[in-house]
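Hi everyone, thanks for coming.

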Amino acid sequence: MIENAKQILAAAKPARLARRAALYKSAGERILVLDGAMGTMLQRRKLQEQDYRGTRFAGANSDLKGNHDLLNMTRPDVILAVHAEYLDAGADIIETNTFSGTWISQADYHLESAVDEINVEGAKLARQAADIATAADPSRPRFVAGAIGPTNRTASLSPDVNRPEFRNITFDELRDAYRAQALGLLVGGADILLIETIFDTLNAKAAVFAVYELFDELDEEWPVMISGTITDLSGRTLSGQTAEAFWNSLRHAKPFSIGLNCAFGAEQMRPYVAELARVADVKVSAYPNAGLPNQFGEYDEEPHTTAGHLREWAEHGLVNIVGGCCGTTPDHIRAIADSVRGVKPRSIPAIPRQLRLSGLEPFAVPAA
């Protein structure tokens, strides 16, 4: 795929570079707004098995309902409509519908062979929607973030409590899966690669290694956003790191932004976003859930409540990019966009040069 990819990317390069310049300009001038939950919007549409199968996968041997990424091919009209709703609500950046777009995740549906098309088509749909919105208001360009989810495997932890040494995935397998996904997203027209919902830093390192290896081969670098998830009120990722240790582990990637998403609502997430804002010398992103789930697994937090929290963060200089994760809707994004309009983005701090290490906790070697 790589040679064909180079031709496609070369043809699209002038427009891509113009958008990239606009992205950096926009991020320097204001707080950017990311979209909200794709899954929430798809669940509202009560799609059935046939929507997921279409004609292309009519003969699939396993149930496909719930494989949202497949809708890029079988119901592109639905995905375009969701993107349009978020753009109309005020999103500057929309995520591709590719959260599970690796062969690792698609193996659950026996659709590993569909991965390239899932990612290319997902990026094309988001690109189409963003370009329509930009054409309607050229003073406010819109951007596409290629969503790279964490997969359903973890490189740091054993899935078998009786075999702590066992792993059901290797670093190289993760790297290869992420590389294939990233290439499809770039070919489809993504402006940014978003490595998100990271619960295991080693998975994230595999993704970072994969995308920069790909950049070397393509002789071009794209902006990379990295977003972790804190799994409980101890303030740690599932693999045990604090927010600062997480940043120390990934700062070598020099990402466009570092941030947090999912797991928490804004109220619970604030101290960990503040920790990243203190230590990171790049932009900080945050897109929390619409509160914590209720007893039925649903999210009840009203748009004005989520937006109120994010405005407070913005006023205290904690964020550069805000949006929503599970349970958030265009109403949440509209309220968030309204709440941060006119608030200055966080100033990037000058962090003293120092040897900074990370295990589960951060460690900075004292200056001599």
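A quick definition to begin: helices (H or I, at least four residues) and strands (E, at least two) are DSSP runs, numbered from the N terminus. Please keep in mind that this is a predicted model, where local features need pLDDT of at least 70, side-chain atom pairs count only at pLDDT 80 or more, and totals for chains, interfaces and linings use all residues. Residues are numbered from 1 along each chain as its sequence is written, and side-chain values use heavy atoms, leaving out hydrogens and water.

Let's start in strand β6, where we find Cys262. Its phi is near 65°, a positive value in a residue other than glycine. Is Cys262 buried or exposed? Buried means under 20% relative accessible area, exposed over 50%, and partly exposed in between, with a 1.4 Å probe and protein chains only. Cys262 has 17% relative accessibility, so it counts as buried.

Now compare Lys254, in the loop between α10 (243-250) and β6 (257-265). Lys254 also has a positive phi, near 50°, and is not glycine. This residue counts as exposed because its relative accessibility is 70%.

On to the inside. A nonpolar core is a set of buried Ala, Val, Leu, Ile, Met, Phe, Trp, Tyr and Cys residues joined through side-chain atoms within 4.5 Å. The largest one here has 94 residues, and Ile226, Ile258, Val273, Trp313 and Val319 touch the most other members. Helix α9 (residues 201-218) gives this core its largest share, nine residues. Apart from that core lies another, of 15 residues, including Leu23 and Phe256.
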